[in-house]
Amino acid sequence: MATERPSPLRLEAPSAPEMRTPPASDAAPEGKPQPAGGRLYFLNGCVPLSHQVAGHMYGKDKVGILQHPDGTVLKQLQPPPRGPRELEFYDMVFAADCSDGVLLELRKYLPNYYGTWSPPTSPQGNLYLKLEDVTHKFKKPCIMDVKIGRKSYDPFASSEKIQQQVSKYPLMEEIGFLVLGMRVYHIHSDSYETQNQHYGRSLTKETIKEGISKFFHNGFCLRKDAVAASIQKIEKILHWFESQKQLNFYASSLLFVYEGSSQPTTTKSRDRTLAEKFLSKGQLSDTELLEYNNNFRMLSSTVNGKIESSVGKNLSKMYARHRKMYSKKHHSQTSLKVENMEQDNGWKSMSQEHLNGNVLSQLEKVLYNLPTGCQEIAEVEVRMIDFAHVFPSNTIDEGYIYGLKHLITVLRSVLDS
């Protein structure tokens, strides 16, 4: 009977990880647990991560993922051999003296690693991985955790472990991925819809497309911009896997995050002023509209082949807010007309039209009928996480590649629907 055991990722002892400065944030008080803003602080000011969607959640006998006062997240090291193996993986990839091109490229697709952390007041050996909070830049983060690969157990798993994992989701071998959880922001209700691992396990070959698309639906529309951006991110990770034979990953996940708020994360003050006029009044004067279009450089505007992200973000805001307004005021007297939309050159112009009340369908055309060559518009992150079952190899990681390719296929079918 095979037994699960650690396998060294490299023979020599890894050097200290490259120390990076975590993003600055407001510090929380240290000391004993105390309520602050409805949250319970403990372990030197840390709190349970509020938007965790999978893994060990905070609760009885489970610490779960914690948020450090400096804005990073803390993942408690698992018992041997899983915990030491994951620690060794991060130390290897982020070693200050790392010169391996494959590992340096891999860093781009992982959360930044800031070493380990242990609270001075906790029992000895209570060690945490200190990682980047991938969601920190988002106002209303929509989050999905997807386990990738045809097997959720590693080569050293016992027969009991294999049977246990297969029974959880027998379709893993065929589908190649499993939705472990999701959290989706709905703009109309200003609330989140959450799904846990049982939702993912209920998905079949016939319902997997619908199950995945649920993550990209904000209650009003399907966020095809976020779908397209996610595909691009996954394709980059797929390219890395197809070009390396050093590591094989089992029971590892992709973490998806996109901005669910209709408020753009970054907008120039003048652009924001004009957008807010449109959203508050429902229309702009001809002069204001021309200025709005000019500010967003809508006339075939590209930078290094990319349509500027501010266009998509602000149009997304316009679309979401105006749909909300329109649902309450069916007598809307505004519409937008898309003129000369070309497959290769992007948007040509957008002009205000007279009183036909057909705003929603026209805005949807602007937002979602994107040219084939259009680059990322939505604010999206796709990062690899969970590395307790990573092993050295001299072959392509076929299981992980299979899962990535099938996930891309499903997302493309969502995009084309």
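This is a predicted model: local features need pLDDT of at least 70, side-chain atom pairs count only at pLDDT 80 or more; totals for chains, interfaces and linings use all residues.
Local features are reported only at pLDDT of at least 70 and side-chain atom pairs only at pLDDT 80 or more, whereas totals for chains, interfaces and linings use all residues. Residues are numbered from 1 along each chain as its sequence is written, and side-chain values use heavy atoms, with hydrogens and water left out.

**Nonpolar cores**

A nonpolar core is a set of buried Ala, Val, Leu, Ile, Met, Phe, Trp, Tyr and Cys residues joined through side-chain atoms within 4.5 Å. Buried denotes under 20% relative accessible area, exposed over 50%, and partly exposed the range in between, with a 1.4 Å probe and protein chains only. The largest core has 68 residues, of which Phe89, Leu106, Ile212, Phe249, Leu254 and Met384 touch the most other members. Helix H7 (residues 224-242) gives the most to this core, contributing nine residues. Helices (H or I, at least four residues) and strands (E, at least two) are DSSP runs, numbered from the N terminus. Another core, of six residues, lies apart from the largest one; among its members are Val134, Leu255, Val257 and Ile385.

**Aromatic pairs and charges over rings**

A pair of aromatic rings is described by the distance of the centres and the angle of the planes. Rings of Phe, Tyr and Trp (its six-membered ring) pair if their centres lie within 6.5 Å; planes under 30 degrees apart count as stacked, over 60 as edge-to-face and the rest as tilted. Across the whole structure, 20 aromatic pairs are found. Two of them are tabulated here.

| Pair | Centre to centre | Angle between planes | Class |
|---|---|---|---|
| Tyr90 and Phe387 | 5.5 Å | 75 degrees | edge-to-face |
| Phe216 and Tyr258 | 5.8 Å | 15 degrees | stacked |

The pair of Tyr90 and Phe387 links distant parts of the chain, 297 residues apart: Tyr90 belongs to helix H1 (residues 82-93), and Phe387 to the loop between strand E15 (380-385) and strand E16 (390-392). Both Tyr90 and Phe387 are buried. Phe216 lies in the loop between helix H6 (208-213) and H7, and Tyr258 in strand E12 (residues 252-259), so this pair ties together parts that are 42 residues apart in sequence. Phe216 counts as buried at 0% relative accessibility, and Tyr258 counts as buried at 1%. Ring pairs also join Phe89, Tyr90, Phe94, Tyr113, Trp240, Phe241, Phe249, Phe387 and Tyr400 into a cluster.

A charge sits over a ring if NZ of Lys or CZ of Arg is within 6 Å of the ring centre and within 35 degrees of the ring normal. Arg150 lies over the face of Tyr402 at 4.0 Å from the ring centre, and Arg183 over the face of Tyr192 at 3.6 Å.

**Strand pairing**

Two strands pair if DSSP finds at least two bridges between them. E6 pairs with strand E7 (residues 128-131) in the antiparallel sense over three bridges, and Thr116 has Leu129 in E7 as its bridge partner.

Ten of the ten residues of strand E9 (residues 177-186) are buried, so E9 is largely enclosed by the rest of the structure. Strand E8 (residues 141-148) runs antiparallel to E9, joined by six bridges, and Met144 stands opposite Met182 in E9. E9 is also joined to E10, in antiparallel fashion, by five bridges; the bridge partner of His186 is Ser191 in E10. E9 and E10 form a hairpin with four residues between them, and Asp190 in the turn has a positive phi of about 50 degrees.

**Surroundings of Asn196**

Asn196 is placed in the loop between strand E10 (191-195) and helix H5 (197-201). Asn196 is partly exposed, with a relative accessible area of 42%. Leaving aside neighbours within four places in sequence, Asn196 is in contact (heavy atoms within 4.5 Å) with Leu180 and Gly181. Asn196 and Leu180 are 16 residues apart in sequence and 6.2 Å apart in space, C-alpha to C-alpha.

The side chain of Asn196 reaches the backbone nitrogen of His198 at 3.0 Å. His198 is found in helix H5 and is exposed, with a relative accessible area of 51%. The C-alpha atoms of His198 and Leu180 are 7.8 Å apart in space, with the two residues 18 apart in sequence.

Note on methods
A polar contact is a pair of N or O atoms within 3.5 Å; within protein, one must be able to donate a hydrogen and the other to accept it, and residues adjacent in sequence count only if both atoms are side-chain atoms.
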